[in-house]
Amino acid sequence: MKCPNCGKKIENDSKFCETCGFDLSSLENLTSKNFNNEAEQNDNSNKSTLDKLNLIALDIMALLGIASIVMTVLALLGVFNKNPIPFILFVGIVYALNWVDDKFPKIPKILIATTAIILLILCFKISTKSDYVASVKTSTPDAYPSISYEDAFDNYFSNPKWKQIKDNTDGNPIVKFTGTCSYDGYPAVAEITFTIYEDQRRFAITSMKIDGNDMGIYTDSIIDDIFYEY
């Protein structure tokens, strides 16, 4: 170790320089003070960053709250072409997350805001899927303009179920219907798939199977019988 004043070599545990008499304890105090100042500055910097993130999170939560109410109203009025139920649920979710923020202040606000964003994305996806199913169920064929697919299928099949399944290879959404009917005098399970063509704003029945057997060219006549018997 060298003396910071005269540069002479000194012992590591020396309190004074034997050559110039420099007080090495003052250097030790200065070093300790500088270290404490740096640590305090780092703490203040981290706190400032956290405060900024919390402010951003509060802004995000406020915007999501407003957006959820607006989307719900637009969906209910039919202006926003989505199923309103997921957005109604999201309004409740936003209020629940605000309650969590008030009751548990130690939870990072940015984490709560991120959770809200993820849930909003899920609501969008759910509302879109519900919208495709609803559009098929409420539609009517040209030959029977007063009868919806839902009414005709519910009348003809027992245990009717509708759901959206994985998109086809072209990226078109697929809605699948399943129900139980009588086929050749025996109970059978029917599966009917509807392909949604968003760019053309239409859909088409692209497959019908009864007990796993493809009806092929007989599909149209069977569908016509279903509506005729309503």
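This is a predicted model: local features need pLDDT of at least 70, side-chain atom pairs count only at pLDDT 80 or more; totals for chains, interfaces and linings use all residues.
Together with I69, V73 and L77, Y95 makes up a nonpolar patch on the surface. The accessible area of these residues together is about 430 Å².

Helix α1, spanning residues 24-77, is the element that gives the most to the nonpolar patch, contributing 3 residues.

## Overall architecture

The chain holds 5 helices and 5 strands. Read from the N terminus, the order of elements is α-α-α-α-β-β-β-β-β-α. The chain has 230 residues, of which 29% count as buried.

Rolling a probe the size of a water molecule over the atoms shows where empty space is left. For cavities of 30 Å³ or more, a search of the whole structure returns 1. The space within the largest cavity amounts to about 50 Å³.

Which residues line the largest cavity? The lining consists of A57, L58, M61, L97, N98, D101, K109, I112 and A113. Helices α1, α2 and α3 (109-138) each provide at least two residues of this lining. Two of the lining residues, D101 and K109, are also partners in a salt bridge.

## Salt bridges

Side chains of opposite charge can pair when their charged atoms come close. The search of the whole structure identifies 3 salt bridges.

In the pair formed by D101 and K109, the closest N and O atoms are 2.9 Å apart. K109, at 21% relative accessibility, counts as partly exposed.

A salt bridge also joins the side chains of E150 and K137, with an N to O distance of 3.4 Å. Because E150 lies in helix α4 and K137 in helix α3, this pair ties together parts that are 13 residues apart in sequence. E150 is partly exposed, at a relative accessible area of 26%.

E191 pairs with K176 in a salt bridge whose closest N and O atoms are 3.8 Å apart. E191 is located in strand β3 (residues 186-197) and K176 in strand β2 (residues 174-183), so the contact ties together parts that are 15 residues apart in sequence. Both partners are partly exposed: E191 has a relative accessible area of 32%, and K176 has one of 22%.

## The buried face of helix α4

Helix α4 comprises residues 149-156, and its buried residues are Y149, A152 and F153. When α4 is viewed down its axis, these buried residues fall within an arc of 90°, so they line one face of the helix. E150, the α4 residue that pairs with K137, is by contrast partly exposed.

## Summary of the helical elements

Several of the features described above draw on the helices. Helix α1 supplies 3 residues to the nonpolar patch, and α1 also contributes at least two residues to the lining of the largest cavity.

Conventions
Residues are numbered from 1 along each chain as its sequence is written. Side-chain values use heavy atoms; hydrogens and water are left out. Buried means under 20% relative accessible area, exposed over 50%, partly exposed in between (1.4 Å probe, protein chains only). Helices (H or I, at least four residues) and strands (E, at least two) are DSSP runs, numbered from the N terminus. The arc is that of the directions from the helix axis to the C-beta atoms. Patches are made of residues with over 30% relative accessible area and no salt bridge: like charges are joined within 9 Å, nonpolar side chains (Val, Leu, Ile, Met, Phe, Trp, Tyr) within 5 Å. Accessible areas come from the Shrake-Rupley method with a 1.4 Å probe; for residues, only the protein chains shown count as cover. A salt bridge is a side-chain nitrogen of Lys or Arg within 4 Å of a carboxyl oxygen of Asp or Glu. On a 1 Å grid over the protein atoms alone, a cavity is a set of points where a 1.4 Å probe fits but cannot get out, and a pocket is an open set with protein on both sides within 12 Å along at least five of seven lines; lining residues have an atom within 4 Å of a point. Grid points are joined across faces, edges and corners, and a volume is the space filled by probe spheres set on the points.
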